[in-house]
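Welcome to a short tour of a protein model.

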Amino acid sequence: MNIEGRLVEATAEQQITDNFKKREFVLETFGLYPQLLKFQLANDKCELITGMKRDDLVNVHFNLRGKRSNKTGAVWNTLDAWKIEELTESPSSVTGAKNGFQKPTKNQVDNLLSPQPKPETVSVEAEPDDLPF
């Protein structure tokens, strides 16, 4: 999977165990309803974000991972990034062209909020009911 967005923040590298280190970063998605998503870089992938700065536009390739806690039974999800590409031009989803969705213009919003004329009522004569129940 992949998603485009704006880099909001990145944490320092954390050494969790002798064999596992991680670095996390937050991405703000584009579109009508932007979302803040936290990704994880693990082990040799921690360096992928080095040199990038806040507000850089990026395309993140990631795997969605989940596991159940042995102690509590709770389920944990992780967005595990494995490739990050800097975008050189404005992403297509900023304009809303991706997935066929577009942000409404001010005129479209105004038209939706303005009072609409009531539809003309048409009377229909009831047909006799010949059903046995």
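Let us begin with a pair of side chains: Glu-24 and Lys-38 meet in a salt bridge, with N and O 3.8 Å apart. The term salt bridge is used here for a side-chain nitrogen of Lys or Arg within 4 Å of a carboxyl oxygen of Asp or Glu. This pair links distant parts of the chain, with Glu-24 in strand 3 and Lys-38 in strand 4 (residues 36-42), 14 residues apart. Strands (E, at least two residues) and helices (H or I, at least four) are DSSP runs, numbered from the N terminus. Glu-24 counts as buried at 17% relative accessibility, while Lys-38 is exposed, with a relative accessible area of 52%. Buried means under 20% relative accessible area, exposed means over 50%, and partly exposed is in between (1.4 Å probe, protein chains only).

Before going on, please keep in mind that this is a predicted model, in which local features need pLDDT of at least 70 and side-chain atom pairs count only at pLDDT 80 or more, while totals for chains, interfaces and linings use all residues. Residues are numbered from 1 along each chain as its sequence is written, and side-chain values use heavy atoms, with hydrogens and water left out.

The table shows some of them.

| Pair | Closest N and O atoms |
|---|---|
| Arg-6 and Glu-28 | 2.4 Å |
| Lys-53 and Asp-56 | 3.4 Å |

Arg-6 forms its salt bridge with Glu-28. Here too the pair links distant parts of the chain: Arg-6 is in strand 1 (residues 2-10) and Glu-28 is in strand 3, 22 residues apart. Arg-6 is partly exposed at 21% relative accessibility, and Glu-28 is partly exposed at 23%. In the pair of Asp-56 and Lys-53, Asp-56 is buried, with a relative accessible area of 9%, whereas Lys-53 is exposed at 55%. Salt bridges that share partners also join Arg-6, Glu-28 and Asp-55 into one network.

**A buried arginine**

Arg-23 lies in strand 3 (residues 20-29). A polar atom of the Arg-23 side chain lies 2.7 Å from the backbone oxygen of Thr-11. Apart from neighbours within four places in sequence, the residues in contact with Arg-23 (heavy atoms within 4.5 Å) include Thr-11, Glu-13, Phe-39, Leu-41, Cys-46 and Ile-49.

Glu-13 brings us to another residue, Glu-47. The C-alpha atoms of Glu-47 and Glu-13 are separated by 9.0 Å, and the two residues are 34 apart along the chain. Glu-47 lies in the loop between strand 4 and strand 5 and is exposed, with a relative accessible area of 58%.

**A hairpin and a histidine**

Strand 5 (residues 57-68) and strand 6 (residues 75-86) pair in the antiparallel sense over eleven bridges; two strands pair if DSSP finds at least two bridges between them. They form a hairpin with six residues between them, and Gly-73 in the turn has a positive phi of about 85°. Across the pairing, Arg-65 stands opposite Thr-78 in strand 6.

His-61 is found in strand 5 and counts as buried, at 15% relative accessibility. The His-61 side chain makes a polar contact with the side chain of Glu-85 at 3.2 Å. A polar contact is a pair of N or O atoms within 3.5 Å; within protein, one must be able to donate a hydrogen and the other to accept it, and residues adjacent in sequence count only if both atoms are side-chain atoms. Leaving aside neighbours within four places in sequence, His-61 is in contact with residues including Met-1, Asn-2, Asp-80 and Trp-82.

**The whole protein**

Stepping back, the protein has one helix and six strands, running β-β-β-β-β-β-α from the N terminus on. Of its 133 residues, 24% are buried. Among contacts between residues at least 6 apart in sequence, 50% join residues at least 24 apart.
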